[in-house]
Structure formats: C-alpha cells, structure tokens
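Visitor: Hi! Could you put the model up and walk me through it?
Guide: Gladly, here it comes.

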Amino acid sequence: MKKKLEIVKQNVIKCIKCDLCKTRTNSVPGKGNFQSNVIFVGEAPGKNEDKTGEPFIGIAGKKLTIALEEAGITRDEVYITNIVKCRPPNNRVPSNIERNTCQEYLKEEISIIKPKIICILGNTAFNSILGGSEITKFRGKVARKNNLLYFITIHPAATIYNQKLVGVLKEDIIKLFNLIRELKNDKDITVDIEYTS
Ligand code: URA
Ligand code: SF4
C-alpha cells in the first residue's frame, strides 16, 4: 500500500499532464498516514507549498493543524492532499481542465488508502468532487456518492480573516472525528445528502 502510494507520488512529481507544470516550482503530492481513516482534500498548493513540495504548510496549513489539534489529532495521523497538485499562478482557482486532468491522482490516493470518509475543505474541492457550491450552507454535512462518504467543511484559509470561522472549522473537525469513531465501530451514521449518480 505504501509502495503504491509512493508510485503515485513519483508520478505527481514528474507529471506534465496539464499547463500548471510550466509554472510550478515543485509538484505537491499528498502527504501523511497511508492507513488514515480520513483524507483531507484542499484546493491547490500555494506559494509555500510550491516552494517545498509539501501540502498545507503555509498559514492555511497552520489553521488546519490547530483545528486538528483541538480535536486531539496530529497531522501525521491523517492524510492531506489537494484537488490539483501544482500551484496555479497567483493562486488563481484551478480551471476545470486542470482539475479534471489531475483528478486521476486523487482517485488513486482514495483507492489505495481506502479512507472511511473524505473531508472536503472548501468550495473548490466541494465543486470538483460533488459538483456543489455555497459551502457555508453545506458545511458540517455528510454526503455519499458512489459508495464513498464525504464530510463537507470550509477551507482553513477562510478562517484567516474571519475569526468566527475559526470556531466553525473547529466544531466541524470535532464532528468529523466523532463520525470516524462511529464508523470504526461499524455504527450507521446519518447521511445528509445522497448522490444517485
Ligand atoms: N491551500 C490549499 O488548498 N492547499 C494547500 O496545500 C495549501 C493551501
Ligand atoms: Fe500534473 Fe496535476 Fe500538476 Fe497538472 S496539476 S501537471 S495534472 S500533477
């Protein structure tokens, strides 16, 4: 399993499948525990991530780390990745072509790790994975699509300039890990949104 994930990582590092490869410094493969019960999915690498090749290590990453710690979880217990693995110039939102081209890697990460649930961080991931929008309406909810469970929450970067959202993210992450505990005990959890296709 670890080996398979390493192959995905190497393929991401050398990937030239979309135009983002032309402007990146480093690709940013997913990182973390290959046996994690949850995969966190953000939008795209930012400046710090592009520089180092590691996901969520800038300010947004710090916010995520703090929210996890408040739920009693450390970063190395979980797996963290993004919709696209290379930084879009000036941190623009990745295009549909870029997202669709890169999604093969996310699919592989999911099929190798087989998490109990996938945590969607913010609108770009919500839109790319579930076709959703208006994250603030749907945050805190559980969705199921093609036999995979998703937990929807805000992007940690949204908490940087909005103090109110710090509590929202914290509350959601605590709920997420309570759900994971129930899933580990084979309990049924409430699914708020069912996707039929
Ligand atoms: N924002 C993201 O969505 N992903 C990162 O890796 C860093 C910031
Ligand atoms: Fe490849 Fe994804 Fe980077 Fe595009 S964003 S070059 S598809 S790894």
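This is a predicted model: local features need pLDDT of at least 70, side-chain atom pairs count only at pLDDT 80 or more; totals for chains, interfaces and linings use all residues.

Guide: We'll go through the ligand site, then the cavity, then the aromatic pairs.

Visitor: OK, which residues are around ligand 1?
Guide: G42, E43, A44, E49, P55, F56, N82 and H155; each has a heavy atom within 4 Å of the ligand.

Visitor: How does that shell divide by class?
Guide: Three are nonpolar, three polar and two charged. Here Ala, Val, Leu, Ile, Met, Phe, Trp, Tyr, Cys and Pro count as nonpolar, Asp, Glu, Lys and Arg as charged, and the others, Gly among them, as polar.

Visitor: What does the backbone of E43 do there?
Guide: A polar backbone atom of E43 is 2.8 Å from an oxygen atom of ligand 1. For F56, a backbone N or O atom lies 2.9 Å from a ligand oxygen, and for A44 such an atom is 3.0 Å from a ligand nitrogen.

Visitor: And how much of ligand 1 does the protein cover?
Guide: 92% of the 230 Å² of accessible area that the ligand has on its own, by the Shrake-Rupley method with a 1.4 Å probe.

Visitor: New topic: which element gives the most to the lining of the largest cavity?
Guide: That's α5, with four residues.

Visitor: What classes line it?
Guide: Ten nonpolar, one polar and four charged residues.

Visitor: Last one: how many aromatic pairs are there?
Guide: Two in the whole structure, counting Phe, Tyr and Trp rings (six-membered for Trp) with centres within 6.5 Å; planes under 30 degrees apart are stacked, over 60 edge-to-face and the rest tilted. F40 and F177 make a tilted pair, 6.4 Å centre to centre with 35 degrees between the planes.

Notes: Residues are numbered from 1 along each chain as its sequence is written. Chains are lettered from A and ligands numbered from 1 in the order in which they are written. Side-chain values use heavy atoms; hydrogens and water are left out. A polar contact is a pair of N or O atoms within 3.5 Å; within protein, one must be able to donate a hydrogen and the other to accept it, and residues adjacent in sequence count only if both atoms are side-chain atoms. Helices (H or I, at least four residues) and strands (E, at least two) are DSSP runs, numbered from the N terminus.
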